[in-house]
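Here are a few exercises to work through with the structure open beside you. Try each one before reading its solution.

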Amino acid sequence: MKIRVLGNLAILAATVALSYGMQVTKPHYADLTAPLPVDGAMGKRVHARSFDVRLEKVVFARQLKTNQFGQEKLLTTSGLWAVATTSLTATDASTTVADGTWQGPTDLRYNQTERLGYRQDMPPHGVDPGLGKLGLFVFEVPPDQIRGAKLLIAARRFGPLDAQARISLDGVRTGPDGQPADILPQYDLDAPPRDQGPQDQGPQGPAQETRP
Amino acid sequence: MTAVSTDAEPSADPQAEKKWRRRGLLALAVLLPLTLAETSFDSVREWLRGEDLIARDIAFGQSVPFGGGSWKLADLRGGKAGRLPEGAFAVIATFTVTIRDPDLQKQWLGCKLMLIDAAGHRWLPDIIAGVGLPDGVMNCASAIFSGAKPGDTITVGDTFIIPQDAVKTIRPAVGLGSERPWYLRFQRPPK
């Protein structure tokens, strides 16, 4: 009788401990349904579920020049502007690729800038199967978040269990202080990319084959 | 004392209890899938209504009732026009629709014109700089608000950009909210 009571108590205690353990280690719902990362490198085609993406190059600049409604604007930042050029294509059906995130080496995440307003080469990028398209993702990042960073690209901002391309920026040359080796004083988004500064940041050099 | 009194009576009980336990287990085998089906029913229905999954193949020249109207492929033409990326082709697909139910805002909700190639790739309409729709042709969205009456025949169409290697096998298709998961896939016009 006594053994039985003790046994029941032990089972109860074990159940409570197990339940508590499960409760405290339960992953957050957002983590359970988080996007599924697909890893890749610069200049390599990364195959996400609904689209393919290749990061062609990343240009860093202290100022960004752009045209807004016919007015020239010069955007400054206390960090650095990072302009990522990607070539995108849809896998099965016409779709849009809208979300880009800069993930720093310490897993700090930076959303794309919203200061540029509407531009044709900015997200959301409409992509079609079999047709390549160059699309930009522009970020403002602190200089110490560049070495070892990753670019995350997904079809939507909150796409539960959808694929997310995670491209490591290993092709970016950085100096001993961790800052990019080439920082342009100014980058003009409306000028043809060939006319400006260093273009050989990608491991494949100026990978422009999709541009006529 | 008490143990004896309970012991004496249920000499037949273990049998009954076993039986009920078995019934309970069997019921579980039925009830669990039923519960799963019931809880996911709405999601499944919602998903099916949002996807163009099952094609109805339509011969060229044939007119079929779909979403409160009668649909027929009018024309499919392509070419190099306007400002297109390298290796791309512009395509215009047009359909003639005879309206029967004028509540297009309900019937044509989520109207989608598509091109589908032999491999199953799907292209949605694109805006092509320098290429407009022919006179009298409207796209799906404008057709919904065109105020068409029963008996009216309207021409619905759109422009697409597709890669050159898909041109040979593309077939125009139509999906409407009121008909999903079914959609119409038309045979190409003969050359």
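**Exercise 1.** In which sense do strand β4 and strand β8 of chain B pair, and over how many bridges?

Solution. Keep in mind that this is a predicted model. Start by locating the two strands: β4 of chain B covers residues 88–99, and β8 of chain B covers residues 153–163. They pair in the antiparallel sense, over 11 bridges. For one of the partners, take Ala88(B), whose bridge partner in β8(B) is Pro163(B).

**Exercise 2.** Find the order of the strands in the open sheet of chain B, then explain why one side of β2 and of β7 is left without a neighbour.

Solution. The sheet has 5 strands with mixed pairing, in the order β2-β3-β4-β8-β7. In chain B, β2 (64–65) and β7 (137–138) stand at the edges with a single partner strand each, so each has one side without a neighbour in the sheet.

**Exercise 3.** How far apart are the centres of the two domains of chain B?

Solution. First set the bounds: domain 1 spans 2–50 and domain 2 spans 54–186. Taken over C-alpha atoms, their centres are separated by 52 Å.

**Exercise 4.** Compare the radius of gyration of chain A with that of a compact globule of 212 residues.

Solution. The globule would come out near 17 Å, whereas chain A has 23 Å. Next, look at the box filled by its C-alpha atoms along the principal axes: roughly 90 × 45 × 35 Å. Finally, buried residues make up 30% of the 212 in chain A.

Methods:
Residues are numbered from 1 along each chain as its sequence is written. Chains are lettered from A and ligands numbered from 1 in the order in which they are written. This is a predicted model: local features need pLDDT of at least 70, side-chain atom pairs count only at pLDDT 80 or more; totals for chains, interfaces and linings use all residues. Two strands pair if DSSP finds at least two bridges between them. Helices (H or I, at least four residues) and strands (E, at least two) are DSSP runs, numbered from the N terminus. Domain bounds come from an automatic or database domain assignment. The radius of gyration is taken over C-alpha atoms; the globule rule is 2.2 Å times the number of residues to the power 0.38. A residue is buried if 20 or more other C-beta atoms lie within 10 Å of its own, exposed if 12 or fewer, and partly exposed in between; C-beta atoms are placed from the backbone.
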